[in-house]
Amino acid sequence: MSRGLFIVGTDTDVGKTLVAGGLARFLRRQNYNVGVMKPFESGLARRKEGETDTHFLMSMAEVKDACEEVNPYRFQESLAPGVAAARAGIEVSFKEIGKKFEILAKRHPWMIVEGAGGLIVPLTSHETHLELIKMLGLPVLVVGRLSLGTINHTMLTIHCLKSVGIPVAGIVLNQTSPEVTVAEEANPQVIQSMTSLSLWGVLPYLKDSRDPDVVVGVIQERLGDAIYRFIQSA
Ligand SMILES: Nc1ncnc2c1ncn2[C@@H]1O[C@H](COP(=O)(O)OP(=O)(O)OP(=O)(O)O)[C@@H](O)[C@H]1O
Ligand SMILES: [Mg+2]
């Protein structure tokens with residue numbers, strides 16, 4: 001079984017790429033050979049060349065793998081991958097993703113894989129992240145927003161993963177907007193009180209959330225201890 005993490009979001013735009021990229025660069029800095037994968041990426045029509053999640057993850061991990069290996073399926077429309085694939089007439093094969101993952105995992109002993117959107121989005125006509133994560137055999141790191149609504153989204157995501165026996169390594173809460181209300185202050189403690197899983201930490205709002213040094217700095221400061229514990233247990 002490979003070592004690494006599958007980064008699951010409680011929704012789209014919660015900070016999966018920020019966390020996945022930051023983790024990859026953090027591990028690189030500790031001299032780990034880390035590979036990345038973004039099996040599905042949607043919404044390319046609204047992204048400039050070089051601004052995709054795939055590109056960010058590869059640059060943070062400092063890998064030179066083929067883009068087709070890191071990102072086997074990409075879609076122009078901003079839609080759940082299974083929906084975008086059906087509209088584009090593309091047949092998605094988990095087997096192909098598995099083959100590419102195996103190639104990358106042979107090259108890189110540590111793998112960070114980023115999901116697409118939230119946990120139960122359709123990836124094919126009949127499969128979601130649940131089947132993909134089981135196939136790849138990685139434990140999950142759940143990333144959720146810090147703001148109001150996150151208790152429900154985070155707990156539903158955790159319950160769903162647990163119900164099918166997928167191991168969850170931890171939870172990260174990410175402040176995606178600058179406003180701090182009483183919800184942002186209360187949510188970490190509430191979530192920690194509702195689960196025995198480890199809350200790895202809370203990431204603050206960042207003015208430059210795509211600057212590699214800013215991202216890895218905050219990952220080290222806020223999640224460093226939890227990452228070291230995870231590495232030792234993996
Ligand atoms: N802590 C933060 N502070 C400020 N901006 C953030 C923070 N985290 C994420 N962002 C910004 O919010 C947006 C969404 O973050 P990100 O791309 O990491 O989400 P995602 O969960 O990977 O989304 P997707 O479902 O599209 O893959 C990006 O523009 C990102 O730079
Ligand atoms: Mg992303």
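In this predicted model, helix H7 passes helix H8 in a right-handed crossing. H7 covers residues 150–163 and H8 residues 182–194; the two pack at an angle of about 30°, with their axes 10 Å apart. Because angles under 35 degrees count as roughly parallel, H7 is roughly parallel to H8. On the H7 side the contact is formed by Thr 150, Ile 151, Thr 154 and Met 155, which meet Asn 187, Val 190, Ile 191 and Met 194 of H8. By class, the residues of this contact are five nonpolar, three polar and no charged.

Thr 195 belongs to the loop between H8 and strand S8 (199–203). With a relative accessible area of 10%, Thr 195 is buried. Apart from neighbours within four places in sequence, Thr 195 is in contact with Met 155, Lys 162 and Ile 171. Met 155 also takes part in the contact of H7 with H8.

**Helix H1 and its partners**

Two further helix pairs involve H1. The crossing of H1 and H2 is right-handed, and these helices pack at an angle of about 20°, with their axes 7 Å apart. That angle makes H1 roughly parallel to H2. From H1, the residues Thr 17, Ala 20, Gly 21, Gly 22, Ala 24, Arg 25 and Arg 28 meet Asp 53, Phe 56, Leu 57, Ser 59, Met 60 and Ala 61 of H2. Six nonpolar, four polar and three charged residues make up the contact of H1 with H2.

With helix H9 (residues 212–233), H1 packs at an angle of about 75°, the axes being 8 Å apart. H1 is therefore roughly perpendicular to H9. H1 contributes Leu 18, Val 19, Gly 22, Leu 23, Arg 25, Phe 26, Leu 27 and Arg 29 to this contact, and H9 contributes Pro 212, Asp 213, Val 215, Val 216, Ile 219, Gln 220, Gly 224, Ile 227, Tyr 228 and Ile 231. The contact of H1 with H9 has twelve nonpolar, three polar and three charged residues. Gly 22 and Arg 25 are listed on the H1 side here, and they are also among the H1 residues that meet H2.

| Helix pair | Angle | Axis separation |
|---|---|---|
| H7 and H8 | about 30° | 10 Å |
| H1 and H2 | about 20° | 7 Å |
| H1 and H9 | about 75° | 8 Å |

The magnesium ion (ligand 2) is coordinated by Thr 17 (OG1), Asp 53 (OD) and Glu 114 (OE), at 2.0 to 2.2 Å. Thr 17 in H1 (residues 16–29) and Asp 53 in H2 (residues 53–61) are 36 residues apart, and this pair links distant parts of the chain. Along the chain the donors follow the spacing T-x35-D-x60-E. Both Thr 17 and Asp 53 are buried.

Most residues other than glycine have a negative phi. Asp 13, in the loop between strand S1 (3–9) and H1, has a positive phi near 65°. Asn 31, in the loop between H1 and strand S2 (34–37), has a positive phi of about 70° although it is not a glycine. Asp 13 counts as exposed at 57% relative accessibility, and Asn 31 is exposed with a relative accessible area of 69%.

**Phe 6 and Leu 138**

Phe 6 sits in strand S1 and is buried, its relative accessible area being 0%. Not counting residues up to four places away in sequence, Phe 6 touches Val 113, Glu 114, Gly 115, His 129, Leu 132, Ile 133, Leu 136, Leu 138, Pro 139, Val 140 and Leu 141. One of these, Glu 114, is also a donor to the magnesium ion. The C-alpha atoms of Phe 6 and Tyr 73, 67 residues apart in sequence, are 17 Å apart in space.

Leu 138, another residue touched by Phe 6, lies in the loop between helix H6 (129–136) and strand S6 (140–145). At 2% relative accessibility, Leu 138 counts as buried. Leaving aside neighbours within four places in sequence, Leu 138 is in contact with Ser 2, Arg 3, Gly 4, Leu 5, Phe 6, Phe 101, Met 111, Val 113 and Ile 133. Leu 138 and Leu 5 are 133 residues apart along the chain, yet their C-alpha atoms are separated by 5.5 Å.

Terms used
Residues are numbered from 1 along each chain as its sequence is written. Chains are lettered from A and ligands numbered from 1 in the order in which they are written. This is a predicted model: local features need pLDDT of at least 70, side-chain atom pairs count only at pLDDT 80 or more; totals for chains, interfaces and linings use all residues. Side-chain values use heavy atoms; hydrogens and water are left out. Donors are N, O and S atoms within 2.8 Å of the metal (3.2 Å for Na, K and Ca); water is not among the atoms, so sites may look incomplete. Helices (H or I, at least four residues) and strands (E, at least two) are DSSP runs, numbered from the N terminus. Buried means under 20% relative accessible area, exposed over 50%, partly exposed in between (1.4 Å probe, protein chains only). Axes are lines fitted to C-alpha atoms, for helices over the stretch in contact, and angles run from 0 to 180 degrees between N-to-C directions. Angles under 35 degrees count as roughly parallel, over 145 as roughly antiparallel, 65 to 115 as roughly perpendicular and the rest as oblique. A crossing is left-handed if the near helix is turned anticlockwise from the far one by less than a right angle, and right-handed if clockwise. Contact means heavy atoms within 4.5 Å. Ala, Val, Leu, Ile, Met, Phe, Trp, Tyr, Cys and Pro count as nonpolar, Asp, Glu, Lys and Arg as charged, and the others, Gly among them, as polar.
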